[in-house]
Amino acid sequence: MPSSLLEPEDRVLSTMEKDGSRRWLDPKVSKGSFLTTRRAFAYFLIVVFTVTPYIRFNDKPLVLLDILHRKFILFGFTFLPTDTILLALTLVTILVGIFLLTALFGRVWCGWACPQTVYMEFVYRPIERLFEGTSGKGGKPRKPVAGWRRVARYVVFLLVSMYLAHTFLAYFVGVENLAKWITGSPFDHPVAFLLMAAVTGLMMFDFGFFREQTCIIACPYGRLQSALLDRKSLIVSYDKTRGEPRGKKRKSDDGEGEQAGDCVDCHLCVDTCPTGIDIRDGLQMECIGCAQCIDACAPVMAKLGRDAGLIRYSTQAAMDGEPSRLLRPRVVVYPAIMLVLLTALTVLLSVKKTADVVLLRNLGNPFTVMDDGQVSNSMRIKITNRREMAVAYTVQSASDVVSRIELAENPLAIDAGDSRTEGVLIVLPRSAFSKGVCDITLHVSDGAGFEQEIPCRLLGPAGSGKPSGGKAAGTGTQTNTPQGGSL
Ligand code: SF4
Ligand code: SF4
């Protein structure tokens, strides 16, 4: 009879002992073709990460995520706060792309390209091994090292973290600002300095202390694994049929002796696992698909003269002897969704103009009858300059009926990527109104190719009686409805 239904297993998590204490992992490096390829790819990614903030395209940074000014530049396209739909479409497309990638290749992102894995396995752990040595044979704990080695390790960790933090922030503030921050005194820019210190501290915490727990506990992607994978997704799998029963002895041909599968239970695949799991227990949420267990097992099989691939990239279906099909509903549906999203994105980008213009009705009186008998409507115009240079926008009436348009400044000068909102007074004769309304069109241009016509409904007195002078009570309702187009 079980003593308690809630009795914990020997190890609650691969990084936590039964008593709740941390189980520190010291994965053994297993050399092999996958490690070589992953290492080369990781170094390539590190170079890309480092140089991208310095690359300019069409006189703009290739990538700039300026959260402070709500401006995002991605591969030549500038996204402003008015581009919510474009940004949302881009993000949803990326999300569906990740779903597709996972359905096809499992957690290939985690094992091969995620910054957490790339920096942990190919930067921080190698530094640690350089100063403190590698784990003993069979994954035995390292011998205790001299204190100075540990201090030196953390000093190098700190320098690397500072470098990464600066590079990371360059994506958000641009390399020019970063250079100013680095060369100036911290007292000249205390907020930036504190931000840099905080990001460096977070990196130290992550790569020095929290480590693989980011993948196991904190990252939501791993948790979604069961929903994103299916039995035909490519994962790192242990061939149970071949490997079990595990043991030291080989199956005897004459039927005598203890029967054993191909797995000799050497534990190398477990000792090398960066998340501390045993792949022989089947697909687990902690598996990041790094293929280190494949590299660990391959030489064992070769040495014993057994077939390679006891642990290999395969699918759950193939392992159970079912036919593997590349085409299945989710592999068709995800690309179809992506195609629709990408088409919408392309169409929206192709019709995008170099400025956004929005006309808003002011709060308060819908109209005013002026001393000279004319009627004025008070509006606000908001223009966003999407060009990479300052531009002056002229606001005119395209309708003959309008007497005049008053703006604080016309043309309206606006810096690159900036917006301005100004009051506009539109004056026209009382006779222009029929049943209290008059439809006109405003014309906005920048003299450099941008032109936009904005239809606008003005409000006025319902009757055509003589003006009484002063402000008349409006007959229209107060509204703040945008009347211009956001292009
Ligand atoms: S490395 Fe291979 S042989 Fe050794 S325990 Fe793992 S699966 Fe078995
Ligand atoms: S089980 Fe294998 S593939 Fe999965 S994380 Fe561990 S070593 Fe990497």
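Reply: First a term: helices (H or I, at least four residues) and strands (E, at least two) are DSSP runs, numbered from the N terminus. This is a predicted model, where local features need pLDDT of at least 70, side-chain atom pairs count only at pLDDT 80 or more, and totals for chains, interfaces and linings use all residues. Residues are numbered from 1 along each chain as its sequence is written, and chains are lettered from A and ligands numbered from 1 in the order in which they are written.

Me: Where does threonine 384 lie?
Reply: Threonine 384 is in strand S10, residues 375-385.

Me: Is threonine 384 buried or exposed, and why?
Reply: Buried, because threonine 384 has 21 C-beta neighbours inside 10 Å. The cut-offs: 20 or more other C-beta atoms within 10 Å is buried, 12 or fewer is exposed, in between is partly exposed, with C-beta atoms placed from the backbone.

Me: What is threonine 384 in contact with?
Reply: Leaving aside neighbours within four places in sequence, Leu80, Thr82, Ala355, Asp356 and Ser419. Contact means C-beta atoms, placed from the backbone, within 7 Å.

Me: New topic. What does isoleucine 279 touch?
Reply: Val236, Tyr238, Cys269, Cys287, Cys293 and Ile311, not counting residues up to four places away in sequence.

Me: And which residues come nearest to ligand 2?
Reply: Of the 14 around ligand 2, they are Cys273, Ile279, Cys287, Cys290 and Cys293. "Around" means a C-beta atom, placed from the backbone, within 6 Å.

Me: How far apart are the C-alpha atoms of threonine 384 and threonine 421?
Reply: They are separated by 8.8 Å, with the two residues 37 apart along the chain.

Terms used. Two residues are in contact if their C-beta atoms, placed from the backbone, lie within 7 Å.
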